[in-house]
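This report looks at side-chain contacts in one protein chain. It takes charged pairs and then aromatic rings.

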Amino acid sequence: ERRGIDIRKSINVDAPVDEVYEFWRRFENFPLFMAHLREVRRIGEGLSHWVAEGPAGTTFEWDAITTEEIPGQLIAWKSVEGATVGNAGVVKFLPNEQGGTRIDVRMTYAPPAGALGHVVASLLGVDPKHAMDEDLVRFKSLIEDGRTSAHGRVVRREELEASAGPAAPPAPGASPGPARA
């Protein structure tokens with residue numbers, strides 16, 4: 001049995017909750033500000049396929065399902081059964097006192113080789129907690145300043161909005177009820 005690693009992070013973004021939420025729910029944009037992701041694509045209603053870079057040039061792929069979505073408030077997910085990198089999490093979007101948005105991310109993942117795999121990855125310079133900090137700062141820059149960079153490329157927000165169609169509809173069974181953490 002693989003042991004899970006728990007990560008909790010928060011960041012304030014100077015933009016309204018609805019704007020931040022709508023941008024975040026377009027998972028296909030994640031590789032543009034998350035340095036470890038190569039690709040995310042929707043493969044079905046509430047399902048997505050993820051490709052991530054691991055230590056020493058390795059790649060990991062898995063499918064995930066959106067388990068709960070409350071528009072403007074919360075997105076929860078988990079990897080499907082048998083995923084190489086089992087993971088689950090929830091992102092909450094909360095108004096802050098400055099009129100912006102506080103993003104709270106809680107994620108648990110089970111790296112290949114369990115906790116030992118996490119230690120080896122950290123020794124090779126791939127610390128998921130630090131990586132998430134950097135990813136959130138890049139997201140903040142993309143929303144607030146309209147640009148960021150990842151994978152050695154500058155990305156401008158207007159390019160994404162011009163090429164993006166409407167966001168995918170909420171997952172089947174998405175609940176308008178209370179959030180589960």
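## Salt bridges around Arg 25

Glu 22 is partly exposed, with 34% relative accessible area. The model is a predicted one, and in it the side chain of Glu 22 meets that of Arg 25 in a salt bridge, with 3.8 Å from N to O. Arg 25 has a relative accessibility of 7% and therefore counts as buried, the cut-off being under 20%.

Arg 25 also forms a salt bridge with Glu 69, where the closest N and O atoms are 2.7 Å apart. Arg 25 lies in the loop between α1 and β2, while Glu 69 belongs to strand β4 (residues 59-70), so this pair ties together parts that are 44 residues apart in sequence. Both Arg 25 and Glu 69 are buried.

## Other salt bridges

Across the whole structure, a search finds 11 salt bridges. One of them joins Lys 140 and Glu 144, with the closest N and O atoms 2.8 Å apart. These two residues both sit in helix α3 (residues 128-145), four residues apart, or about one turn of the helix. Glu 144 is partly exposed at 31% relative accessibility, and Lys 140 is partly exposed at 26%.

A network of salt bridges links Asp 6, Arg 8 and Arg 106.

## Aromatic pairs

With ring centres within 6.5 Å as the rule for a pair, the count comes to 12 aromatic pairs. One is formed by Phe 27 and Phe 30: their ring centres are 5.6 Å apart and their planes stand at 75 degrees, so the pair is edge-to-face, a label for angles over 60 degrees. Phe 27 is buried at 10% relative accessibility, and Phe 30 is buried at 5%.

Phe 27 forms an aromatic pair with Trp 50 as well; this one is tilted, with 6.0 Å from centre to centre and 40 degrees between the planes. The pair links distant parts of the chain, 23 residues apart: Phe 27 is in the loop between α1 (17-24) and β2 (37-44), and Trp 50 is in strand β3 (residues 47-53). Trp 50 has a relative accessible area of 11% and is buried.

## The aromatic cluster

Which residues form one aromatic cluster? Phe 27, Phe 30 and Trp 50 are among them. The cluster also takes in Tyr 21, Phe 23, Trp 24, Phe 33, Trp 62, Phe 93 and Phe 139.

How values were computed:
Residues are numbered from 1 along each chain as its sequence is written. This is a predicted model: local features need pLDDT of at least 70, side-chain atom pairs count only at pLDDT 80 or more; totals for chains, interfaces and linings use all residues. Side-chain values use heavy atoms; hydrogens and water are left out. Rings of Phe, Tyr and Trp (its six-membered ring) pair if their centres lie within 6.5 Å; planes under 30 degrees apart count as stacked, over 60 as edge-to-face and the rest as tilted. Buried means under 20% relative accessible area, exposed over 50%, partly exposed in between (1.4 Å probe, protein chains only). A salt bridge is a side-chain nitrogen of Lys or Arg within 4 Å of a carboxyl oxygen of Asp or Glu.
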